[in-house]
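Please keep the sequence and the model in view while reading.

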Amino acid sequence: MAQGNFSQVTEFILLGLSDTRELQLLFFTLFLLAYVMVLLGNLLIIVTVRTDPKLSSPMYFLLCNLSFIDICYTSVTTPRVLVALLWGHKAIAFEGCMAQLFFLHFVGSSEMFLLTVMAFDRYTAICRPLHYTAIMARQACWALVAACWAGGFIHSIVQTLLMLQLPFCGPNAIHSYFCDVPPVIRLACTDTALTQWLMVSNSGLISLGCFLVLVASYALILAKVRARLSQGHWKALSTCASHVMVVTLLFVPCIFIYLRPSGTLPSDKYVCVIYTTLSPVMNPLIYTLRSKEVKESMWRLCKRCRA
């Protein structure tokens, strides 16, 4: 019996995405490629921003932090998935499941808050350019990033404590490839209606609230620049367009998953692939391919490494 939660379950079984060996090998290849792209792409962004003085603006400071968060975020689930797909190790200890749930929500919600800060940065740069330097000073940027991590920690610790209060006495099969609130809470041996609504008010409303703030900020930017679309404003709108793509990939699936307290659907585990794997892959691609400054800095970095 696990100590502290009155549970007879000592481990869970992650059923994964498929029982077919051919599909498992296909998923392994796709997840491995995605993970390598996330690691290499985001590490390249971090090194480029940190070594190039020309990329010292708040936007690139926040981008560097986003890349670090993406590496942490995908590392919470992907290595465990790769092991399960290749060697069939589907069991995960109760403590390991709770730890994965905690870090998933910790890093994931921190990313949501950071994306909201990045939208505020773009709004300030476009709509209040004369005050941009004062508003987004380096000290303010550090404070905003620290607030994102603090908010993520508070959110995650609440989620984890709610889960630890539930009794788990069997069954122990999780219909997903990682531990998360919706599939795990269904296994509790008690009425979880109240707990599910608390989860919705935590994860669901945070996802929806951040998404609405982001949509509102982009609407204000569009309304501000529609009458004076100079070359600089076109560039800013292009940056915002790429940001919207990342936001959509992350927030829409999260809202779909966490705003339904009634249970999980068979398609949920495939929807989760979008925000746990596809979104971190798209971040380095979008931000490097859409940013001329980053591409030029990467080219200079490559030439220095060759010299």
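A salt bridge is taken here as a side-chain nitrogen of Lys or Arg within 4 Å of a carboxyl oxygen of Asp or Glu. The model is a predicted one, in which local features need pLDDT of at least 70 and side-chain atom pairs count only at pLDDT 80 or more, while totals for chains, interfaces and linings use all residues. Residues are numbered from 1 along each chain as its sequence is written, and side-chain values use heavy atoms, with hydrogens and water left out.

**Salt bridges**

By this rule there are two salt bridges, and the table sets them side by side.

| Aspartate 19 | Lysine 90 | 3.3 Å |

For accessibility, buried means under 20% relative accessible area, exposed over 50%, and partly exposed in between (1.4 Å probe, protein chains only). Aspartate 121 and arginine 122 are both buried. In the other pair, aspartate 19 is exposed because its relative accessible area is 66%, and lysine 90, at 24%, is partly exposed. Helices (H or I, at least four residues) and strands (E, at least two) are DSSP runs, numbered from the N terminus. Lysine 90 lies in the loop between helix 2 and strand 2 (91-93), and aspartate 19 in the loop between strand 1 (11-14) and helix 1, so that the pair links parts of the chain 71 residues apart.

**Overall build**

The chain holds 10 helices and three strands, and from the N terminus on its elements run β-α-α-β-α-α-α-β-α-α-α-α-α. Of its 307 residues, 50% count as buried. The accessible surface, computed by the Shrake-Rupley method with a 1.4 Å probe and with only the protein chains shown counting as cover for residues, comes to about 14700 Å², of which 71% belongs to carbon and sulfur atoms.

**Nonpolar cores**

A nonpolar core is a set of buried Ala, Val, Leu, Ile, Met, Phe, Trp, Tyr and Cys residues joined through side-chain atoms within 4.5 Å. The largest such core has 62 residues, and those with the most contacts inside it are Phe31, Leu62, Leu114, Phe251 and Tyr275. Several helices each supply at least two residues of this core, among them helix 1 (21-51), helix 2 (58-87), helix 3 (94-127) and helix 5 (138-164); its largest share, 14 residues, comes from helix 2. With contact meaning heavy atoms within 4.5 Å, leucine 114 touches Leu62, Asn65, Leu66, Ile69, Val145 and Cys148, its neighbours within four places in sequence being left aside. A second, separate core of 19 residues includes Val9, Cys97, Leu166 and Phe168.

**Aromatic pairs**

Rings of Phe, Tyr and Trp (its six-membered ring) pair if their centres lie within 6.5 Å, and planes under 30 degrees apart count as stacked, over 60 as edge-to-face and the rest as tilted. By this rule the count comes to 13 aromatic pairs. Phenylalanine 106 and tryptophan 149 form an edge-to-face pair, with 5.5 Å from centre to centre and 70° between the planes. Phenylalanine 106 belongs to helix 3 and tryptophan 149 to helix 5, 43 residues apart. Phenylalanine 106 is buried, because its relative accessible area is 16%. Both rings also belong to one aromatic cluster, formed by Phe68, Phe102, Phe103, Phe106, Trp149 and Phe153.
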